[in-house]
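Have the model open as you read.

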Amino acid sequence: MRQTTAAPAKTGRTPPPAVTRTTTEADGVLPAGVTVFDDRRPGVTNLDPDLLRALRAAATDAAREGVGFRVNSGWRSPEYQNQLLREAVTKYGSAEEAARWVATADTSAHVAGRAVDIGPIDATAWLSRHGARYGLCQIYRNEPWHYELRPEAAEHGRPPLYPDPTHDPRMRP
């Protein structure tokens, strides 16, 4: 479970209102060590089925090379996403700087179940080399752990990276 309080943004957008309840696994909070094969936790089971199939195929092949995938974050409820955004505003000092790392609940691919944050570093390195074959692509240069499904990558290669989410047109309200 996670519970935090939000500080107001110093500049720019006001962060989402504080959540009065604690976020839990039902909101997508994941304990350490969860794999892409977990069939019990909503953070994994609520991922887009095509994304989950691609992740499981890639993880199976990576395991043959001794590389294990862990899901650090997957699907998130809007409440959990808003909590992460408030925490980022506090950490980075402004909504503008926080937007380089955390999307709003309205624009987050995590809330839609279309994004996953993978670890450890050997898994992200493996995905960087082989992920396009499964349609799994890093989207943001500043987030080597963040992967989304781009099926066309299997045939055409991965799309160019955005420097960070503020350059992604999908993040614009």
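## A buried aspartate in a strand

Asp117 sits in strand E2, which covers residues 115–119. Please keep in mind that this is a predicted model. Is Asp117 buried or exposed? Its relative accessible area is 9%, and because the cut-off for buried is under 20%, Asp117 counts as buried.

What does Asp117 touch, once residues up to four places away in sequence are set aside? Its contacts are Arg70, Val71, Asn72, Ser73, Arg76, His110, Trp145 and His146.

How many salt bridges does a search of the whole structure find? The search gives 11. One of the salt bridges joins Arg53 to Asp50, with 2.3 Å between the closest N and O atoms.

Both residues belong to helix H2 (residues 49–63), and because Arg53 and Asp50 are three residues apart there, about one helical turn separates them. Arg53 is exposed, at a relative accessible area of 52%, whereas Asp50 is partly exposed at 42% relative accessibility.

Another salt bridge is formed by the side chains of Asp164 and Arg100, at 3.0 Å from N to O. Asp164 lies in the segment after helix H6 (153–156), and Arg100 lies in the loop between helix H4 (95–98) and E2, so this pair ties together parts that are 64 residues apart in sequence.

How accessible is each partner? Asp164 is buried, with 5% relative accessibility. Arg100, by contrast, has a relative accessible area of 27% and is partly exposed. The label follows from the cut-offs, because partly exposed covers the range between buried, under 20%, and exposed, over 50%.

## A network of shared partners

Glu148 and Arg150 also form a salt bridge, and their closest N and O atoms are 3.1 Å apart. Which residues join Glu148 and Arg150 in one network? Asp168 and Arg170 do, through salt bridges that share partners.

Are Glu148 and Arg150 buried or exposed? Both are buried.

Note on methods: Residues are numbered from 1 along each chain as its sequence is written. This is a predicted model: local features need pLDDT of at least 70, side-chain atom pairs count only at pLDDT 80 or more; totals for chains, interfaces and linings use all residues. Side-chain values use heavy atoms; hydrogens and water are left out. Helices (H or I, at least four residues) and strands (E, at least two) are DSSP runs, numbered from the N terminus. Buried means under 20% relative accessible area, exposed over 50%, partly exposed in between (1.4 Å probe, protein chains only). Contact means heavy atoms within 4.5 Å. A salt bridge is a side-chain nitrogen of Lys or Arg within 4 Å of a carboxyl oxygen of Asp or Glu.
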